[in-house]
Amino acid sequence: MTRDRVSYDAEWSGRQFVLVDTGGWASDASGMAAMIAEQAELAISTADAVLFVVDANVGTTDEDEAVVQVLRQSRKPVVVAANKVDNARGESEAATMWNLGLGEPHPVSAMHGRGSGDLLDALIAVLPKEQASYESSDGPRRVAIVGKPNVGKSSLLNRIARQNRVVVSDISGTTVDPVDELVTVGGTVYQFIDTAGLRKRVKEASGHEYYASLRTQAAIERAEVCVVVIDASESISDQDLRILTMVENAGRAMVIAYNKWDLTDEERRRYLEREIERDVQAYSWAPRVNISALNGRNVDKLEKAIETAAEGWETRISTGKLNAFLGRLAAAHPHPVRGGKQPRILFGTQAHNCPPTFALFTSGVFDQGYVRFIIRRLREDFGFAGSPVHVEIRPRAKRQRK
C-alpha cells in the first residue's frame with residue numbers, strides 16, 4: 001500500500017532520527033510501479049543510511065540482487081533486516097542473507113517485534129555522529145493539502161516543491177499516507193502535508209480507505225492552515241462541502257484553491273461563480289485562489305493566501321477593544337426581546353486565538369441568528385480573514401430564591 005516517501009519521527013537510545021518508509025522497488029517496474037520505485041530511489045539518495053528489508057522465508061531473490069546493486073552505487077551505509085523470523089528456527093534461514101554481501105543480516109519479526117532492539121542498535125551505529133540542528137523552536141508553518149480524490153493535491157505539492165515529491169496518477173486514491181515535505185516558498189519554509197483524498201464519511205469508508213481517512217483527519221488536526229483543493233472543471237459536490245465543513249469544525253485556517261483552471265471555459269467559469277455564491281458563501285471568509293497545478297498558474301499566489309489565513313487565525317483582540325466594539329454593537333443593534341426580556345452582553349473577552357474564540361457573558365440566552373450577526377460584525381471590524389471565528393455565549397446563572 002505504501003506509494004510515496006512517508007516520514008516518521010523516531011528515537012532510540014537517546015538518538016533522534018527520521019525514518020522514511022518507501023514503496024516496493026522493482027527493476028522492471030512500469031506505470032505507477034515505476035513512479036513508486038523512483039520515490040524509493042530518491043529516498044535512498046537523500047538518506048544518511050539505508051535499512052534494507054528482505055524476506056528470510058523466501059531467501060535471496062534476483063530482485064534482492066538488483067536492489068543490492070542500487071545500494072552499492074549509492075555508497076550509503078546499509079543495515080540488512082531479515083524479516084519474518086518469528087522463532088529461533090528461522091534464524092538459520094536469516095543467516096543465508098550473508099550472501100548479499102552487505103554485512104550481517106539482523107533477524108527480526110515486524111509482526112511480533114522480535115529482534116527489533118538489536119536492529120535499532122545496528123542502525124544507530126551507522127548513522128553519522130553530527131545531527132542537523134534547526135534554529136527555530138516552533139518549526140515551519142504546517143500546511144495540509146486536502147480535498148476529494150483526483151482533484152490535483154499531489155500535483156500541487158510537486159509544483160510547489162519543484163520536484164516529483166509524490167506519485168501522481170489519474171487513478172483515484174493514489175496517495176494513501178500523509179506525505180510531509182519541507183518547501184521554501186518566497187523565502188519562507190513551510191511543512192506541506194499531502195493527504196489521501198476523502199471519498200466518503202469516515203464511518204462509511206472501509207478497508208484501506210477507512211485508515212486513509214483517519215490519517216487525513218489527523219493531518220488536518222496537526223496543521224495550522226488547510227488548503228482545500230476543489231476541481232474547478234467539475235460541479236462543486238457535497239463531498240467538497242463536507243471537507244470545507246471538516247476543516248472549519250477542526251478550527252483550522254483555510255484557503256480554497258480552485259484547481260484545473262486551465263480546463264475551464266467561459267461558460268464553466270460562469271456556472272462556477274453561481275455555485276460558489278450558492279454553496280460556498282458560508283466560507284467566503286477563506287481566501288480564494290484560482291490555480292492550475294499542471295502549468296503553475298497562480299501557484300505563487302498561494303503563499304500570500306496562506307500567510308493571510310495564518311495571520312487571521314492567530315489574531316488576538318485586546319479586552320478593551322472588544323468591549324468597546326460590543327458596546328457600540330449593542331447600542332446600534334440590541335438583541336430582540338424574547339418572552340418579555342431582552343438579554344444583554346455584560347462582558348466579553350477573547351478566550352484564545354488559533355482559531356479566535358470569544359466568550360460573551362450575558363444576562364440570558366442569545367438566539368443563534370444574533371450570534372451569527374456578532375460573528376459577521378467581528379469580521380467586518382477586525383478581519384480574521386481565512387480563519388473560523390467562534391463565539392461562546394455564557395448566560396448568567398439564575399439566582400436561587402431562599
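This is a predicted model: local features need pLDDT of at least 70, side-chain atom pairs count only at pLDDT 80 or more; totals for chains, interfaces and linings use all residues.
Setting aside neighbours within four places in sequence, E275 is in contact with E234, S235, I236, R268 and V280. E275 belongs to helix α8, which covers residues 266–279. Is E275 buried or exposed? With a relative accessible area of 7%, E275 falls under the 20% limit and is therefore buried.

Let me turn to the aromatic rings. The count of aromatic pairs comes to eight. One of them joins F358 and F384 in an edge-to-face arrangement, with 5.9 Å centre to centre and 70° between the planes. Distant parts of the chain are linked by this pair: F358 is in strand β13, residues 357–362, while F384 is in the loop between α11 (368–382) and β14 (390–395), 26 residues apart. Both F358 and F384 are buried.

Another pair, Y370 with F373, is tilted, at 5.6 Å centre to centre and 40° between the planes. Here the two residues are separated by about one helical turn, because they stand three residues apart in helix α11. Y370 has 9% relative accessibility and so counts as buried; F373, at 14%, likewise counts as buried.

Which residues do ring pairs link into a cluster? They are F325, F358, F382 and F384.

Finally, I come to arginines over rings. R274 lies over the face of Y271, 5.3 Å from the ring centre. R288 is placed over the face of Y258, at 5.1 Å from the ring centre.

Key. Residues are numbered from 1 along each chain as its sequence is written. Side-chain values use heavy atoms; hydrogens and water are left out. Helices (H or I, at least four residues) and strands (E, at least two) are DSSP runs, numbered from the N terminus. Buried means under 20% relative accessible area, exposed over 50%, partly exposed in between (1.4 Å probe, protein chains only). Contact means heavy atoms within 4.5 Å. Rings of Phe, Tyr and Trp (its six-membered ring) pair if their centres lie within 6.5 Å; planes under 30 degrees apart count as stacked, over 60 as edge-to-face and the rest as tilted. A charge sits over a ring if NZ of Lys or CZ of Arg is within 6 Å of the ring centre and within 35 degrees of the ring normal.
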